[in-house]
Amino acid sequence: MINLLKHLGYEEFHTLHVQHGLIEVCRCFQLKLTTEKFTGTEVANTIDQIRSVPLLTYNEEQWKQLCELEPTLALARPVIIIDIVRNCYPTLDHHELSNSLIEGLPESLREHAQKCCAVFLRCIEKLARLEPRILGQLARLLIQSRQPLAELVFGIQKYLTIGTPLRFMFPPVREPQPPSNVVGSVVYKDTGAEARPVENRMITEVFEEGGALNRFLDDFEVRPQQIEMAEKIGEAFNSGRHILAEAGTGTGKSLAYLVPAIIWSRVNEQSGEQVVVSTHTKNLQDQLFYKDLPQLLGAMRIPFRAVLAKGRNNYLCIKKWKNLLSDPSHWSVSEREKLMPIFFWQQTTLTGDITECHGFALDKNRYLWNRLASESGYCQAQKCNATEDCFVKKMRDEIKASHIVVVNHSLLFSDLLAERAILGPYRNLVVDEAHHLEKTAQQYLGVEFSFRGLKGLSSTLYEKDRMESGLLVDLRKMADDGMGGAGSSALISNSISSLNNWIEVSQQSFRQWSQTAQAMTAAQASMRQRFRQGESPMLQNDEELDLFRNAGDDLVKSLGQVLSDMDFWEGGDREQIDEYRQVLAQRMEEIVLMMETSSFLAESSDENFVYWFDVSAKEKNTDLRFYAVPLNIADILEDRLLSVLRTCVFSSATLSVANSFDYYKSRVGLDKMGRGSVIGFTAPSPFDYGRHCRLIIPSFVSDPSSPAFAADCSNVIRRVAVLTRRSTMALFTSYALLDGCYRSVSADLLKEGIPCFGQGLDGSRTWLTQQFKSNRGSVLFGTDSFWEGVDMSGETLEVLIITKLPFEVPTDPLVAAKMERIDESGGRSFFDYSVPEAVIKLKQGFGRLIRSQSDRGVVIILDKRIIQKSYGRVFLESLPVEPSVVKTEHEFDDQLMSFFGPSDPAVK
């Protein structure tokens with residue numbers, strides 16, 4: 001290793017780290033480490049010596065701190081270790097990176113700078129362990145790159161040609177086994193036999209005392225509510241009916257629907273009784289597949305098979321990847337550098353699911369991923385030479401062979417729009433987090449039109465950054481290589497010119513439309529506005545609209561000429577020509593669809609849709625987005641989904657309003673089903689809310705419409721935090737109120753030793769959650785995304801403050817249109833829509849507090865409309881505990897302290 005390091009220029013290097021205001025400097029010379037600690041002043045005396053060899057630090061934040069302590073370091077160009085680590089170990093998340101790379105290091109390496117040194121050496125060793133063929137592929141992708149990773153790869157490749165044996169310092173890092181998207185081995189077989197009912201006993205014996213789960217899981221608790229829910233769902237499967245299964249927090253609803261679903265499908269597999277389970281969030285999807293289903297497979301006597309399925313654009317296309325490796329010239333240097341984590345990940349992945357690759361910044365590089373992701377237009381399964389390795393084919397084969405198919409709501413509706421081309425003709429569906437079903441359906445059944453989407457589509461055809469890339473560039477190269485005729489290259493160049501003209505015209509059009517949209521919203525606080533027939537900003541600039549349409553028509557005509565010309569191409573790989581032809585045809589269809597969508601939105605004449613736009617406040621900006629969403633989702637769901645299912649299980653903690661399912665039924669089309677075809681069931685929470693939870697409503701707080709409300713909210717939050725010293729989460733319905741309260745109290749609370757964390761102010765949702773959990777007694781200010789899906793049990797959360805009842809904004813275009821439709825049909829939109837929606841969200845927020853049998857805490861609702869208005873009764877009837885209304889601050893303090901007792905002095 002010493003000779004290799006010398007060859008790489010790292011015979012001597014320094015790793016730097018800041019800890020407690022001191023700079024740790026670890027000198028590595030011929031693999032011997034010496035470490036010293038300096039203050040900023042002291043390190044200045046040795047700065048020239050330090051800068052004379054390569055400098056390394058773990059991440060950019062560390063380097064920033066180092067430069068603040070010693071400004072002359074800013075003149076150096078450091079090697080950022082985490083950038084190399086994320087490439088070499090892309091399947092490790094942030095927590096695993098720290099643990100796995102340090103695991104197995106000698107105990108003598110205790111200082112952070114020493115550990116950084118060891119981590120860097122481990123990355124070099126991983127690269128040196130690669131097979132020569134793999135290292136050669138990596139080197140081809142990194143041609144012309146000046147990243148430290150490229151320098152290491154080229155250096156190691158050259159060194160290994162010498163043939164000198166290597167002795168490694170460390171064992172290979174123990175990376176986690178690549179996840180599989182299959183659980184179980186028994187194969188599902190549909191032979192067309194007739195379904196038969198499942199005995200109730202088969203379900204109950206899994207849950208009861210001494211049953212399968214009780215024997216298999218040490219911490220399993222027998223819950224009568226869970227057993228009853230599972231029985232009711234089993235009854236729905238047996239009778240071929242739909243069921244609304246509401247389960248209070250702590251019921252264990254996931255197992256309550258999985259067990260009867262598994263048994264029903266396994267007993268009736270020859271009757272085609274496969275069950276699709278759909279979730280709203282990735283977290284729940286992963287929990288079901290990687291925790292619940294493996295536990296049930298181990299516990300239950302009935303073997304089964306389950307598969308995790310996602311939309312095809314989540315999966316790597318092996319053929320595209322092979323094409324990249326064989327000819328990287330169509331990718332820029334910076335693009336290839338960003339793909340390094342994918343290079344290492346694809347060596348081991350079993351599923352091809354990009355979400356496994358934590359090192360690749362998917363959100364920032366969606367365009368790059370789209371060039372590698374599986375897509376229908378590119379896929380020629382019968383002719384593809386990568387069919388056996390195709391991840392999408394494997395996934396679809398597993399769907400056919402599995403009893404349980406776990407998907408998310410996005411794939412559920414994408415498949416519905418594709419006429420079940422992905423999931424096949426399933427007859428049984430479980431919809432978890434079912435309170436999101438209507439909004440997800442609207443999202444997928446609606447349309448959107450924006451310059452960003454248009455540019456994303458065009459970039460797949462042609463993009464010029466530091467070099468040209470895209471489908472048309474590939475076709476031009478093929479034509480120039482002799483596959484096309486004499487005029488083929490000219491036709492393609494003409495298409496590129498037409499495309500560039502379309503982009504230029506579109507950019508100008510969107511700027512003009514944006515100015516009109518900004519003028520339309522000038523008198524409003526919101527940059528979102530609904531429009532009706534004849535009011536679209538596009539129609540008010542009809543000259544720009546005509547120019548846009550004409551440019552689009554010219555582009556489609558030009559691409560059509562290329563497509564026709566490709567019929568006569570000869571030479572080369574005919575399969576490759578057909579493949580590119582199919583992709584070009586799909587791109588043309590997408591452009592035509594986009595043009596049709598723009599016309600639909602411009603005309604805005606369909607009364608069954610609601611239309612609106614979002615516009616940026618910046619001048620001469622193209623960030624304008626048009627939307628249209630169908631108003632009557634219930635009819636669509638009933639016609640396309642519910643009517644073709646034998647059984648559908650709707651599961652959620654919040655489906656009922658004031659103990660009635662009528663509202664939810666009307667929103668998703670269940671009220672249109674035949675009499676007796678829908679079962680309604682509520683499993684009450686097993687938690688003793690009467691003992692463990694107190695609901696306090698301080699009536700001394702001003703009305704939410706009062707100018708004093710924000711100050712009153714701030715005072716209550718400050719009072720609660722200081723008095724109780726308990727971890728507190730305050731939920732808001734608007735960023736404006738959150739921001740005002742946070743700025744009003746955070747400095748005061750920090751003086752008291754109470755840290756505050758504000759959503760949209762301090763960091764990402766994940767970071768805020770982590771900080772809140774690790775700082776007992778802190779205060780978290782959260783808005784929409786913290787009302788649900790956040791699990792903070794025990795002392796992590798003991799006080800929950802709900803500032804306002806979570807009514808939807810009545811001026812929101814979609815909300816306004818729904819309310820308008822209800823009023824026009826003779827209903828009362830506020831009571832028929834606004835109140836039920838707010839009740840469901842309030843129940844979700846309330847459910848953040850008590851998450852286990854041992855949890856206890858206080859919920860404080862600052863919106864006194866809940867006790868003053870007639871509709872407040874509907875909210876209170878939907879909550880599991882009676883309120884305590886307090887009239888004075890003194891009485892409020894007494895209520896808090898009588899519940900908690902003296903505050904914990906250790907927290908102060």
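Guide: Buried residues make up 55% of the 908 residues in the chain. The model is predicted: local features need pLDDT of at least 70, side-chain atom pairs count only at pLDDT 80 or more, and totals for chains, interfaces and linings use all residues. Residues are numbered from 1 along each chain as its sequence is written, and side-chain values use heavy atoms, with hydrogens and water left out.

Visitor: Why is Gln 285 called buried?

Guide: Buried means under 20% relative accessible area, exposed over 50%, partly exposed in between, with a 1.4 Å probe and protein chains only. Gln 285 has 1% relative accessibility, so it counts as buried.

Visitor: Where is Gln 285, and what is it in contact with?

Guide: Gln 285 sits in helix α14, residues 282–299. Helices (H or I, at least four residues) and strands (E, at least two) are DSSP runs, numbered from the N terminus. Contact means heavy atoms within 4.5 Å. Leaving aside neighbours within four places in sequence, the contacts of Gln 285 include Thr 279, Leu 308, Val 406 and Asn 408.

Visitor: How do you know that the radius of gyration agrees with a compact globule?

Guide: The radius is taken over C-alpha atoms, and the globule rule is 2.2 Å times the number of residues to the power 0.38. For 908 residues a compact globule would be near 29 Å; the chain has 31 Å, which therefore agrees. Along its principal axes the C-alpha trace spans about 80 × 75 × 65 Å.

Visitor: What makes β2 and β3 a pair?

Guide: Two strands pair if DSSP finds at least two bridges between them. Seven bridges join β2 (residues 22–29) to β3 (residues 32–38), so by this rule they pair. The two run antiparallel. Val 25 has Glu 36 in β3 as its bridge partner. β2 and β3 form a hairpin with two residues between them. Gln 30 in the turn has a positive phi of about 50°.

Visitor: Which strands pair with β21, and in what sense?

Guide: β21 pairs with β23 (residues 779–782) in the parallel sense, over four bridges. β21 also pairs with β24 (residues 799–802) in the parallel sense, over four bridges. Ala 730 stands opposite Phe 781 in β23. Leu 731 stands opposite Ile 802 in β24.

Visitor: Which way do the residues of β21 point?

Guide: Thr 728 and Ala 730 point one way from β21 (residues 728–731), Met 729 and Leu 731 the other way. In a regular strand the side chains alternate between the two faces of the sheet. All four, Thr 728, Met 729, Ala 730 and Leu 731, are buried.
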